[in-house]
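Here are a few notes to go with the model. Have it open while you read.

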Amino acid sequence: MKEIVSQKLKNARALNGFSQQELADMIGVSKQMISKYEKGESIPSSSNLLKIGKSLKVKIDYFFKPSKIELGVLNFRKKSSFSNKKQESLEQLIKLNLENYLEIEDLLQIDYSFKNSIGNEKVNSIKDIERLVLSLRNEWEIGLDPIHNIIQLLEDNEIKVIELFDVEETFDGLATFVNDKFPVIVVNGNFPVERKRFTLLHELGHLLLNLPECDVKAEENYCNKFASEFLFPKKLVIKEFGIKRDLISLNELIEVQKKYGISIQAIVYRLVDAGIFTENRKTDFYKKINFNPSIKEKVNLSRFETPEKSNRFEQLVYRALSQEIISVSKASSLLNQDINSLIENSLL
């Protein structure tokens, strides 16, 4: 028991980004005592554990529940501005969310076996991405239709999505496997919907693509291409805009943004990629919006109306509650929700 409490205490402290001294000051003990707790040399008294839980914003049962989560490599890639302390805090936040997710699935006896249908196809060049995206869209039976809810699509295909809201804007997303079995995509839930959709599919590229040996910049380019091709396939770009264009109105771009849930900037990149626009036209576009604040404001507006939100975990908790597999207090703990409001929401 000491080992479990010590590790969970250390994880919760890392989650909050506190030093041992800061936590010690909060609960009124010495730094040396916190060190003993975390080494398993001593176990906090009931009163101190209550203080620790309150300070670290976790329920008491958190400290006695062994972790079953083994995360794969968390590649922060562009997040070089993240200190080791911030990265560790984010890792613990992801673990906490996933522990709750896997616990409720286990209670409901839900077991999935994920299959990467494009994983055996080696990517040799950026041109291969278009073919692989079409293959995956066919495998997932969505054809070339616009995708109204990326998160629902991912979860329908056994990929867990975790939205984090208490994170900095410099974090956009990441993807990994849990326990070498469950694919997980983590995304900043505060993003505008178009950016969130692109980030989800960018991270899907990291999960699924069998990329060649390349540097980080090339890997990011492959995944950006995957995301933009998935959101707005080349065949549809040509269908919407034609073969070759010198000028395109802002209203045209806005209508396509609304239809496909892709930002106007990303649409312009798709136009160049499809050979409809030249690089010079793209440069002219960015010069125009950068020198005209009113146009830039219009270009940057979020317009896609379908919300991108993950509700599956909440639905599973209510399902377990209605089937009397878990108690109201357990559901309250999992959802971090007041018991009274939870009872109101669960009434038929």
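1. First, some bookkeeping: helices (H or I, at least four residues) and strands (E, at least two) are DSSP runs, numbered from the N terminus. This is a predicted model, with local features needing pLDDT of at least 70 and side-chain atom pairs counting only at pLDDT 80 or more, while totals for chains, interfaces and linings use all residues. Residues are numbered from 1 along each chain as its sequence is written, and side-chain values use heavy atoms, with hydrogens and water left out.

2. Have a look at His206, which sits in helix α8 (residues 193-208). His206 counts as buried because its relative accessibility is 17% (buried is under 20% relative accessible area, exposed over 50%, partly exposed in between, with a 1.4 Å probe and protein chains only).

3. What does the His206 side chain touch? It makes polar contacts with the side chains of His202, at 3.1 Å, and Glu219, at 3.0 Å. A polar contact here is a pair of N or O atoms within 3.5 Å; within protein, one must be able to donate a hydrogen and the other to accept it, and residues adjacent in sequence count only if both atoms are side-chain atoms.

4. Now the sheet: 3 strands make an open, mixed sheet in the order β1-β3-β2 (strands pair if DSSP finds at least two bridges between them). β1 (160-164) and β2 (173-178) are the edge strands, each pairing on one side only.

5. β2 pairs with β3 (residues 182-188) in the antiparallel sense over 6 bridges. Gly173 has Val187 in β3 as its bridge partner.
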